[in-house]
Amino acid sequence: MQSKFSDIELIEQTLQGNQAAYADLVKRHQRFVFTLAMRFTKTREDAEEVAQDSFIKAYRSLQSFQGQSKFSTWLYSIVYTTAMTFLRKRRLDTSSIDDANNHLQLENQSGGFKNDLAENKSRSYYVNQAIEQLMPDDAMIITLFYKGEQSLEEIAVTLGLEPNNVKVKLFRARQRLKEKLERNLKHEVSELI
Amino acid sequence: MNSIEEKLWNYLDGTCSPEEHEEISRLITTDQTYQQKYQELLAFNQELESMELDAPPMAFTYNVMEAIRTEEASKPLKASIDHRIIKAIAAFFIGTIAILLMIALTGNHAENVHATVQIPVKVQLPTLTGYFSSPILKGFLFFDVVLALFLFDGYLRKKHTVVL
C-alpha cells in the first residue's frame, strides 16, 4: 500500500529518524528506479545492485536534498551517476570476456525470440525489446520522458545537460527506437512467413 | 526546425510556440504528407506512453532497508555521538576551571567567605587554602592550559582543512 504522505513529508520524517518513512519512499520509486537501472545494465541482477546502491546513496545524502527540484529528479540523477559508474567499472573488469558474454546473450535472445513466436505478443513487448537494444543514454531519456513524468528541463537536470540538448537527444533517440522497432517487427513477420 | 518529423514531434510534445502550433495544426489538416506522418508518430507516441515498467524482486525494499540498517550499525561511534553532549561537557569543564581559577586568584576572599558559613553540626571542613597554593593545584592548572591549547590547535587544524 502506498503511503499517503508526499515525498517531502516522507523525507522530513526520515531525517527525524523514522526509517519506515524511507521504506515508503523506496516502495514508491523502486519500480521506476529499477527500470532505469535495467536500461543500463540489461540484466536483472545488475539492475538490482544499481537500484539498491542508488537508494542507499540517496539515504546517505538525504540531508543535502534542498527541495528545489522534485525528489524524483534528484533521485534519478543519483541513479544515472551510479549506473554510469557501474558500467565504467564493469567495462574495466570484464572487457576481455565481454565479447563472449554478448555472443551468448545474442544467442539466448534469438532463441527466446523464436520460442516466443507462438505467443501472441503485445506491442508493448516489442517496444520494450527495441528499448533494450538502444544505447543506455537513449533508453534513459525515453524512459524518463514517457514514464518518469519528467519535463525536458528536469531531464536536463538529471543528466547534467542543457534542455535544448535533451530535446535533440530525445528526437534522435525516438528516431533510433522507431527504426529498431520497425526492423524487429519486419524480422518477426518474415520469421512467421 | 528542419524536418517534418521534428516539427511534428515538437507539436506532439507541446514544445513549440503558439504560432508554430497553429501552423502545424493547419498543415495536418491540409497537407496529406503531414497528416500521414502525424498519424504514424501519434501511434508511436501512444505505444511509448503505454510501455510497462520492470518490476524489481519482491524483497527489494526489505533488502535496501537491511543494507541501510547494517550500514548505520557499523558507523563508528565518533560519528553517532550527539555534538550537543560534547558541548555540554566542554561547558561544564570550562565553567569548573573558570571557577577554580577565580577562587585561586582571589584566595583571601574565599577564606573570608568560608568564615561566615554557619555549620550546625560539628563537621571538619578541609582547609582549601593549602591545596590552592600547593604545587598540586599549579600542576592541575598547567595541565588544563596545555590541554586547552592542544584542543584549540586541533580545532584550528580541522577548520583549516575544511576551508581547503
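Select A:Lys42, which sits in the loop between H2 and H3 of chain A. (Helices are DSSP runs of H or I with at least four residues, strands are runs of E with at least two, and both are numbered from the N terminus.) Its phi is positive, near 70°, and A:Lys42 is not a glycine. Is this residue buried, partly exposed or exposed? A:Lys42 is partly exposed, with 14 other C-beta atoms within 10 Å. The cut-offs work like this: 20 or more other C-beta atoms within 10 Å of a residue's own makes it buried, 12 or fewer makes it exposed, and anything in between is partly exposed, with C-beta atoms placed from the backbone.

Before you click on, a word about what you're looking at: this is a predicted model, where local features need pLDDT of at least 70 and side-chain atom pairs count only at pLDDT 80 or more, while totals for chains, interfaces and linings use all residues. Residues are numbered from 1 along each chain as its sequence is written, and chains are lettered from A and ligands numbered from 1 in the order in which they are written.

**Stop two: another loop**

Now jump to A:Glu149, in the loop between H7 and helix H8 (152-159) of chain A. Here too phi is positive, at about 50°, in a residue that isn't a glycine. A:Glu149 is exposed, with 12 other C-beta atoms within 10 Å.

**Stop three: one side of a helix**

Next, select A:Val127, A:Ala130 and A:Ile131 in H6(A); these residues are buried. Why do they sit on the same side of H6(A)? Because they cover an arc of only 100° around the axis, the arc being that of the directions from the helix axis to the C-beta atoms. An α-helix has 3.6 residues a turn, so residues three or four places apart point the same way.

**Stop four: zoom out**

Show the whole of chain A: 9 helices and 0 strands. Of its 193 residues, 31% are buried.

**Last stop: where the chains meet**

Bring in chain B: 28 residues of chain A are in contact with 23 residues of chain B (contact means C-beta atoms, placed from the backbone, within 7 Å). Which helix gives the most to the side of chain A that touches chain B? Pick H2(A), with 10 residues. Colour that side of chain A by type and you get 14 nonpolar, 6 polar and 8 charged residues. Here Ala, Val, Leu, Ile, Met, Phe, Trp, Tyr, Cys and Pro count as nonpolar, Asp, Glu, Lys and Arg as charged, and the others, Gly among them, as polar.

Note on methods
Two residues are in contact if their C-beta atoms, placed from the backbone, lie within 7 Å.
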